[in-house]
Amino acid sequence: MSIIEVKNLSFVYGIDTPFEKKAVEDVSLSVDEGEVIGLIGHTGSGKSTFVQMLNGLIKPTSGQVLLAGRDIWEKPKEIRNIRFKVGMVFQYPEYQLFDDTVYKDISFGPRNKGYSEKEIDEKVRNAARFVGLSERLLKESPFDLSGGEKRRAAIAGIIAMDPDVLVLDEPTAGLDPKGKNLLLAQIMQYHKQRKNTIFIVSHSMEDISRIADRVMVMNKGRLEMLDTPRNIFAQVEKIESMGLRVPQITKIMMTLKERGVNLPDGILTVEQAFFEVVNLLKKEGKI
Ligand code: ADP
């Protein structure tokens with residue numbers, strides 16, 4: 001069943017001013033419950049503007065966002081409720097932290113949603129566990145945490161609201177490779193249990209190819225491509241013409257294939273590449 005349907009969505013900044021700028025233009029798509037959608041595109045292609053329309057942070061200039069079949073702007077006064085259902089973690093979410101303890105920060109969303117103290121406590125602790133934040137840190141000030149911990153605390157604050165749709169704008173930006181992989185694995189673990197819908201904006205083609213069911217490619221405000229990672233990254237020339245790249249391992253495997261090595265198309269991860277190369281060597285009796 002589709003949970004989000006976007007119909008002819010457009011957004012223009014500074015309408016009727018000399019700075020008028022079309023940021024999103026006529027984007028339509030339908031997303032099923034439980035899908036993970038990767039969102040890629042060059043800087044300025046409209047990704048942030050698009051995701052901010054999913055939870056009503058900005059109102060479309062034209063077009064609609066339907067959540068479970070209803071236009072989120074049907075009752076403008078209730079738009080705040082949409083933010084509990086579509087949770088958004090911004091780029092550098094640590095700036096979303098503001099309270100004097102991590103616990104209070106994470107509990108802000110569920111408290112506003114009207115849960116009892118007991119339910120709030122359960123949600124805070126669960127969310128902290130999902131993002132790998134130890135109980136001990138809940139009593140600390142968010143400002144005393146390390147960069148990675150702040151990131152986790154901010155994500156936990158959104159997860160604690162138990163949103164049906166989770167939007168993550170560059171959740172691993174600025175983390176070291178180990179922290180990046182760990183956080184991504186934890187997000188996917190959460191997704192596996194909660195089975196909610198996720199939009200994830202990322203510059204990392206490796207991350208996107210690993211976790212997304214489908215990939216949206218935005219270019220100059222338009223939705224240029226929408227397909228599985230495998231089909232998207234098979235179109236190297238088109239991807240590169242939009243200032244993007246395919247995962248490095250995909251490129252290496254394609255180069256080998258062009259040079260006559262008998263490998264399949266659409267290898268997206270190092271693990272997959274390893275498997276295919278070992279298979280090939282075995283077939284050829286080399287190992
Ligand atoms: P992305 O997230 O892909 O980098 P954005 O959605 O941030 O893209 O931006 C899309 C376009 O809208 C860009 O040309 C950008 O300069 C412009 N834009 C973004 N925010 C604003 C704003 N607050 N005012 C005016 N123009 C903006």
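In strand 8, Leu-166 has Ile-198 as its bridge partner. The structure is a predicted model, in which local features need pLDDT of at least 70, side-chain atom pairs count only at pLDDT 80 or more, and totals for chains, interfaces and linings use all residues. Residues are numbered from 1 along each chain as its sequence is written, and side-chain values use heavy atoms, with hydrogens and water left out.

Strand 7 and strand 8 run parallel and are joined by five bridges. Strands (E, at least two residues) and helices (H or I, at least four) are DSSP runs numbered from the N terminus, and two strands pair if DSSP finds at least two bridges between them. The six strands form an open sheet of mixed pairing in the order 6-7-8-3-9-10. Its edges, each pairing on one side only, are strand 6 and strand 10.

| Strand | Residues |
|---|---|
| Strand 6 | 86-89 |
| Strand 7 | 165-169 |
| Strand 8 | 197-201 |
| Strand 10 | 222-227 |

Helix 5 (residues 147-159) and helix 6 (residues 177-194) pack at about 10°, their axes lying 12 Å apart; axes are lines fitted to C-alpha atoms, for helices over the stretch in contact, and angles run from 0 to 180 degrees between N-to-C directions. Helix 5 is therefore roughly parallel to helix 6, a term for angles under 35 degrees. Contact (heavy atoms within 4.5 Å) involves Arg-151, Arg-152, Ile-155 and Ile-159 of helix 5, with Gly-179, Leu-182, Leu-183, Gln-186 and Tyr-190 of helix 6.

Just after helix 11, Gly-285 adopts a positive phi of about 70°.

Definitions and conventions: Parallel < 35°, antiparallel > 145°, perpendicular 65-115°, else oblique.
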